[in-house]
Amino acid sequence: MWSQLLFGSFPMIYISCEGSTVAYCWIRFLIPNANSSALSLFTESQITGSLRGITRSSAGSSGLENIRITSISLSPADPRTVKEPTDKSCAFSYYADPSGKKIILSSPGFPSGYPTNARCQYLLRAERGSVISLAFTTFNIRDNCQDDFLTVFNSLSSDRGNIITEQCGNRPPTNPLAVFSSGNVALIAFITSSISYPGFQVVFSQVPKLTGCDQTLTSDLGNFTSPYYPSFYPPNIDCKWTIQVPSHLRIRVQFYMFRLKEPGMNHDTCNKDYVEIASVKYCGERSFLGLISSGPTLEVKFHSDASFTDKGFLAEYSAYDPQNPCPGQFACSNGLCISVSLTCDGWNDCGDLSDERNCVCSSDQFHCDNGLCKPRLWLCDHSNDCGDNSDEKQCGCNSEQWKCNNEVCIPRIKKCDGQPDCADFSDEADCANVTVGVCTDFTYQCKNGACTSQVNPECDQKRDCEDGSDEESCNCGVRPYKHNRIVGGTDADVGEWPWQVSLHFGRQGHTCGASIISKHWLVSAAHCFQRTREANYADARNWNTYSGLHGQRDMQNVQVRGVKSITTHPLYNHNTFDYDIALLELKEPLVFSNIIHPICLPARTHIFPSGMSCWVTGWGLLGENGQLARMLQKAEVKIINDTVCNSVTRGQVTPRMLCSGYLTGGVDACQGDSGGPLACSQNGGPWFLCGIVSWGEGCARKNNPGIYSRMTELREWVKIQTGL
Ligand code: 4AZ
């Protein structure tokens, strides 16, 4: 119903309301001769003030006779999510089944594809005393939240102050979206642009409103979570957990999942949703959060405000004896217990650096200005290991000089002067003025032959070559599925590494890894395909490739392809593992999917700086004497500086190899991971194949990092063989 009201002395306004305790009103302002002086009156206080006046004075003539208005609030809305009540296109309204039965809703045209440029609304209502549960079974909309998105509101109006969540993209079944309202109404707004995707399907039901979430926990060990975890917690809720243990004990709390994120918010000050422990508020996303109590009781509070909710948290607590907090282990200040051998080794194993404080540096360690000890090998490796950069100062160049990435000093004024002075061109890298045209061994060459000094210009969504060739062939290195970062753990998520392939040899099963670089081609390691006395690994007919695989025994959506040909590098040396690369041509092409997608090949000149974090994946041995993994494993490893790499391998590393891992050991690839990818992504850009798992002295041993084939050096050969 639209009512016509007079607003102040000038514009006409039309008002349409619905709802019982809370009325949601749409107000349309009709300003005959809009001019800036009239528009300046449209402030929140002006409008609320005028509305109060109107509803009081014109109630008799406007149909609002029986309405008593106690408070009015206004909030801005994204115009795309606003729909006039008279607009019935793509507008739906549903009541939840009072018995709690589930109703399945879906986007128009699901799953064949939703309409383009649509503005859909689903008004959802439930009985008073209930809340609305929305569990998305499919969520596959275009991954561009600017133009294609779905918003769930904790209200029947689409005002930004009541957003529960706003999402886009394609979510894997392992990361479903499930949200709850805090009252008995909700609204889904679904906005699309010019490209159609399958859309969404959601189970809509009502559940009784939580009457309270406070809990007293008295056992010595237990878990607690945000309400409805792992679904999103509801808006407008406060919970308190009181943990009580015997008076001689203390409490240790560890959060294994912690996501209280709000788009566009600075999470330094937690003034929206937060967890509060001992008067300290925590919010945002944390990879590790551990705390200890000062007494036998600990209160953990949780608060969510009216807008934007998230997955929340999963916490475990345990009682411990403060006299002996970590029997046989080192007690970190945050309550973690770690092996004593991990203290004072240069690595932040506790997460709060407490295992690296008060150390006496050993002779093979360097003393940082901030008191930390770091391995001497890390000095001058371009990575700020100390945290205060003291390990990268005084690295041979004086203050008037600049140090090239290859350790040579050049006069500082020569940095970014448009002329390469360092042999590795590093002085002309990362400069504001990109030089176009000069070709050297270190510049990226465009298809038309011109060169750009821009570092890593491929697929960075910026046109660096005049002919745009740096942005061609960029349907690679992205994950079609949207993933939440999974804290801890080493099992990969489904579709997290969609270029990873498992190579099965005969009846032996998984033998090596590989990476998808196109529908027809995989790249792997030459040493996987050497004929031995027992078996002919060189014969393509003995191999099968499994793409889209997660668990070795789960063949759902997996594409199995035979191998047409295996090409190992002609210079592969089985004594030194030099040129350890092979190309596999598939008998039938792959069909790319949410879980099968190629990785980008880096240009010959692509720079993967030392210290960079990359990921190695595979089903290899879970330890030197362990078993093959069933689930695809992932490990974060760091690129190690070549000088350090050569020194720890006593010169066994050729220009076709690179080191990655940790000199302290503990994380590494192992047998069975060979041929698999070392994948790196910078600043959220696409993933590039930096290396191929090749060899190493054992697995995860101290001072024995993993050795990988260096893709940049082998790039030309791949191009010659495959045309890619
Ligand atoms: C192997 O035997 C192997 N620690 C692969 C990688 C590493 C060691 C051995 C790296 O295939």
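**Contacts, burial and cavities in a predicted model**

Student: What makes P235, N236, E262, K272 and D273 count as residues that D305 touches?

Tutor: D305 touches P235, N236, E262, K272 and D273, with residues up to four places away in sequence left out of the list. Each pair qualifies because contact means heavy atoms within 4.5 Å. The model is predicted: local features need pLDDT of at least 70 and side-chain atom pairs count only at pLDDT 80 or more, while totals for chains, interfaces and linings use all residues. Residues are numbered from 1 along each chain as its sequence is written, and side-chain values use heavy atoms, with hydrogens and water left out.

Student: Why is D305 called buried?

Tutor: The relative accessible area of D305 is 14%. Buried means under 20%, exposed over 50% and partly exposed in between, for a 1.4 Å probe and protein chains only. D305 is therefore buried. S307, at 7%, is buried by the same rule.

Student: How do you know that the residues listed under "binding site" gather at one spot?

Tutor: An unreviewed UniProt entry lists D273, D305 and S307 under that name. They span 35 residues in sequence, yet no two of their C-alpha atoms are more than 8.9 Å apart, so they gather at one spot. Of these residues, D273 belongs to the lining of the largest cavity. UniProt positions are given in the numbering used here, feature names are shortened, and annotations may be inferred rather than shown by experiment.

Student: What makes a space a cavity, and how many cavities reach 30 Å³ or more?

Tutor: On a 1 Å grid over the protein atoms alone, a cavity is a set of points where a 1.4 Å probe fits but cannot get out, and lining residues have an atom within 4 Å of a point. Grid points are joined across faces, edges and corners, and the volume is the space filled by probe spheres set on the points. Two cavities of 30 Å³ or more are counted.

Student: Why is a set of 47 residues called a nonpolar core?

Tutor: The name applies because a nonpolar core is a set of buried Ala, Val, Leu, Ile, Met, Phe, Trp, Tyr and Cys residues joined through side-chain atoms within 4.5 Å. In the largest core, of 47 residues, L503 and L522 touch the most other members. Among the elements that each supply at least two of its residues are strand 31 (500-505), strand 35 (559-568) and helix 5 (711-722). A second, separate core of 31 residues includes V648, C680, F688 and C690.

Student: Against which strands do the buried residues of helix 5 pack?

Tutor: They pack against strand 33, strand 35, strand 36, strand 41 and strand 42 (706-710). The buried residues of helix 5 are M711, T712, L714, R715, W717, V718 and T722. G723, which follows helix 5, has a positive phi near 80°.

Student: How do you know that the "active site" residues cluster in space?

Tutor: UniProt, in an unreviewed entry, places this feature at H527, D580 and S674. They are spread over 148 residues of sequence, but their largest C-alpha distance is 9.9 Å. H527 lies in the loop between strand 33 and strand 34, and the residues touched by H527 include D580 and S674.

Technical notes:
Helices (H or I, at least four residues) and strands (E, at least two) are DSSP runs, numbered from the N terminus. On a 1 Å grid over the protein atoms alone, a cavity is a set of points where a 1.4 Å probe fits but cannot get out, and a pocket is an open set with protein on both sides within 12 Å along at least five of seven lines; lining residues have an atom within 4 Å of a point.
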